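Work through the exercises below with the structure at hand. Each task is followed by a solution in steps.

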Amino acid sequence: MSFYARTAGHTVPLYCFDGAVHSVFTHACNLRLGGGRLVTLLTEDQSDLPQGIRLATPAGFSFGSLGLQSGQVVKSRDGVLTFAGSALMIDLGTAQPWQVDLTQRPVDLGDPAVRRAFQEVWQQWSTCRPPEGELVVQLQGRIGELLTTLQEAAGRYDRAQAQQAAAGLIGLGAGLTPSGDDVLVGFLAGLWATAADRPGRRVFLEAFAATIVALAERTNEISRSFLWNAARGEFSSALANLVQAIAYGADSPMVEQTTAAALRVGHRSGRDSVAGLLAGLQAWPPGEEIGDGSRARSKIRVNQQ
């Protein structure tokens, strides 16, 4: 069986690497390369990832049907990915490089069209309920407290308190990517999208990103990969498209479409990352460079359902 790649994150090695299968899911297969780095093979219907290679797969395809096993040796030579003991081959040479830059069009919530788009995302997020029967009320309460603390600390450029709040969020919650980690990915997207060329914001963001890289060692490998990329300003196409829809003040149908796509990611990862994004976008009010802890400000509180 053979497939070809449609897209690949711009930093993903394609033509020569060695590794092993890390984990196999319906829509994704993670490969562990040297140094603990993960590369994710994705079905065609999934979002692009900075660490991902999206394949041209038929409708209904599942990586679980390939019989791949954790620890199975893989290698890429001249852009052809093979799996030891398997006839599976993937042509990586066809992949189009994929990259996102959230700094090209900073989000300015002082712009009426941008503010309207932001509020429409907020409304759509706030009405998206957790899956029935999911016992998350207490967890959401703790995440809400930490996210509020993080938002306020960023607004004051308080690195110590931001680090403390982030340390509480890392690895918090069950799941393939814990809720606390997803919130941090979204929050970083908000900071990257609003830092622009303001020195104070950029200095804080660089320090906070370094903190996240260090703290990411406390969570699992899959989640760590998303956090490492977020610290560099790299995000999924689902989250990046939503940021850009807000930044350009897109019309309501486009905002609704991109929000829905972002919220659909994973079991609840999309909802958590959008919560973090909305908080991050509000950390620094429009036109303000120096944080003022006394100002009034609306806050994302994910414990309010």
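**Exercise 1.** Find the residues that Thr43 touches, not counting residues up to four places away in sequence. Then decide whether Thr43 is buried or exposed.

Solution. 
- Step 1. The model is a predicted one. In it, Thr43 touches Thr26, His27, Arg54, Leu55, Thr57, Phe61 and Phe63, with residues up to four places away in sequence not counted.
- Step 2. Locate Thr43 in the chain: the residue sits in the loop that runs between β4 (38–42) and β5 (52–55).
- Step 3. The relative accessible area of Thr43 is 2%. Buried means under 20%, so Thr43 is buried.
- Step 4. Look at the side chain. That of Thr43 makes a polar contact with the side chain of Asp45, at 2.6 Å.

**Exercise 2.** State which helix holds Leu227, and how far Leu227 is from Ile212 in sequence and in space.

Solution. 
- Step 1. Leu227 belongs to helix α6, which covers residues 221–231.
- Step 2. Between Leu227 and Ile212 the separation is 15 residues in sequence, and 7.0 Å in space from C-alpha to C-alpha.
- Step 3. Check for contact. With neighbours within four places in sequence left aside, Ile212 is one of the residues in contact with Leu227; the others are Ile170, Asp181, Leu184, Val185, Ala216 and Thr219.

**Exercise 3.** Classify Pro286 by its relative accessibility and list its contacts beyond four places in sequence.

Solution. 
- Step 1. Pro286 is in the segment that follows α9 (269–281).
- Step 2. Its relative accessibility is 43%.
- Step 3. Leaving aside neighbours within four places in sequence, Pro286 is in contact with Asp108, Leu109 and Gly110.
- Step 4. Compare sequence and space: Pro286 and Val107 are 179 residues apart along the chain, with their C-alpha atoms 9.0 Å apart.

**Exercise 4.** What is the volume of the largest pocket, and which residues are closest to its centre?

Solution. 
- Step 1. The volume of the largest pocket is about 1200 Å³.
- Step 2. The lining has 46 residues, of which Gln46, Phe226, Val265, Gly266 and Ser269 are the closest to the centre.
- Step 3. Elements that give two or more residues to this lining are β3 (28–33), β4, α4 (179–195), α6, α7 (237–247), α8 (252–263) and α9.
- Step 4. Sort the lining by class: 20 residues are nonpolar, 20 are polar and six are charged.

Definitions and conventions: Residues numbered from 1 in each chain as written. Predicted model: local features only at pLDDT ≥ 70, side-chain atom pairs only at ≥ 80, totals over all residues. Heavy atoms only, no water. Helix = DSSP H or I, 4+ residues; strand = E, 2+ residues; numbered from the N terminus. Buried < 20%, exposed > 50% of the residue type's maximum accessible area, 1.4 Å probe, protein only. Polar contact = N/O pair within 3.5 Å; in protein donor to acceptor, adjacent residues only side chain to side chain. Contact = heavy atoms within 4.5 Å. 1 Å grid on protein atoms, 1.4 Å probe; cavity = no way out; pocket = protein on both sides within 12 Å on 5 of 7 lines; lining within 4 Å. Points joined across faces, edges and corners; volume = space filled by probe spheres on them. Nonpolar A, V, L, I, M, F, W, Y, C, P; charged D, E, K, R; others polar.
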